[in-house]
There are 2 protein chains.
Amino acid sequence: MDMLRTGVSILGMTDPEAGDNSPDANTRKSIRLVAQIPLLISAADRLASGIPLLRRQPDLSFAENLLHLLTGRKEDTRAKAMARVLDVSLTLYAEHEFNASTFSARVTASTMTDLHSAITSAIGTLKGPLHGGANEAVAQMFVEIGSPAKAERWVHESLASKRRIMGFGHRVLKHGDARSAIIQRHAADLSRICGDHRWYEIAAVVEQVMREEKGLYPNLDFYTAVAYLLMTIPRTLYTPVFVCSRITGWCAHVIEQQSHNRLMRPRALYTGPSKKEYVPIDRRT
Amino acid sequence: MDMLRTGVSILGMTDPEAGDNSPDANTRKSIRLVAQIPLLISAADRLASGIPLLRRQPDLSFAENLLHLLTGRKEDTRAKAMARVLDVSLTLYAEHEFNASTFSARVTASTMTDLHSAITSAIGTLKGPLHGGANEAVAQMFVEIGSPAKAERWVHESLASKRRIMGFGHRVLKHGDARSAIIQRHAADLSRICGDHRWYEIAAVVEQVMREEKGLYPNLDFYTAVAYLLMTIPRTLYTPVFVCSRITGWCAHVIEQQSHNRLMRPRALYTGPSKKEYVPIDRRT
């Protein structure tokens, strides 16, 4: 995420239309970012691992390209099926109103700064553990559980020890996440195609126990983790993959904000002490 | 500002305590940023101009160092006087509650992301013309006016042609800016010490006409421009110099936000059409 934040900030300086903040230029900048971000993620990951860089494949779709850049997969039947599910996942993650990263992009954009500044803000905001990283944490949990036979006991023990189970509930969606059923169906299909039902079955048990014990339903991140595990996307890249999708929502919000702009400059209400004695700096303890 | 945004983003990756987001580590990161930002600004400006880089001067104060890095000045009596006024200006600019850049730093910090992400957001937000650049625009105006004798007529003509006069009024400070009188006094002193009264006299005429014609009072940016012109700080660096000051306020806000955190995730109220027909992409016009 640091590489991506820095990379997008640099791209703001090298963009062929840097300095042109018109809606038309911003639409073109957005399309370029959609293309550039998967390459940035792949290059950063591969440079860090010391393995050869991959090139974009102009004959592949966006999702097929992304799958290739993340995993090296291409062409075979499984890769086609995986890319289809990845495409669905990207569509489901594309936009979700005023989440914190989108809101920070809008606050930044409200000074009529450039699009890349606003997207840089969004990426730095998404990096925080209260926003990004949920599907990565779900996948980590499935790996820790290890097999469907161990899942029921794992959840009961976790609940007993007040451990938080990831992938359930949502700050805004209090009555279930409509996106979950869609990715769940695709995760089931992909499990069949890959002949690997382990992750899906672990997930199904965790879901059932959580419904019975806590009345909670899975959110989008939950079965997405099953799909990404099947695709063998490196877990540390799940949040960067989210950026490959949400970049579309962020850019649309920035363009919308600037087309009906009002500077976001809230007032603060001071609630501290009303008067304190001034203490010269060399007498402070 | 692009270089500064990118530079701080990179410093987030190389900071010796990257990964430690505790309040103590964030205080140390903040102090490092206060030291690093003047060097970043100076290096970016000098690299762009192809002139030799300057080093920090450990025997000088923060403001003396900054003046040296921005202008090459050092040691002589004038430089001492200039650094004193620069110090006052940095103090006056250090904090101003929930302006847009501070607010974006707080929104970013509210996901419990790292300090450098929040500061990167703030810099990208400040870059926008509705936030940064006011004192630069004031200086530009003084240069355009050129001499005190031309000032009165220039303001009357500008008002008649509905041209906006920079450095007056404030989104929040509706009844005058208490900081203005302080920097005005120092700008007057510095004009005497430098034996150059041109900028101060132009400013005084513009201020008087605006008070008489529009009932408006100058804000902090107005006489700051006089002081910075006397210091011969390159005009394109006025907003980066603001960062050298406001970095303290931003960092304090980030640390405060994270010590009593609540995720900033507002709701959006959809006011668009209630239902639209789905049009397949190849049939859209």
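Begin with chain A and chain B shown together: the area buried between them is about 3800 Å², with carbon and sulfur atoms giving 58% of it, where buried area is the accessible area (1.4 Å probe) that two parts lose on being put together, summed over both. This is a predicted model, in which local features need pLDDT of at least 70 and side-chain atom pairs count only at pLDDT 80 or more, while totals for chains, interfaces and linings use all residues. Residues are numbered from 1 along each chain as its sequence is written, chains are lettered from A and ligands numbered from 1 in the order in which they are written, and side-chain values use heavy atoms, with hydrogens and water left out.

Next, select the residues in contact (heavy atoms within 4.5 Å): 42 residues of chain A meet 42 residues of chain B.

Now show the side chains of A:Arg265 and B:Glu97, which form a salt bridge at 2.7 Å, N to O; the term requires a side-chain nitrogen of Lys or Arg within 4 Å of a carboxyl oxygen of Asp or Glu. Between chain A and chain B the count is eight salt bridges.

Then select, in chain A, helix H1 (2-14), helix H5 (100-109) and helix H6 (115-126), the elements that each give two or more residues to the side touching chain B; helices here are DSSP runs (H or I, at least four residues), numbered from the N terminus. H1(A) gives the most to that side, with eight residues.
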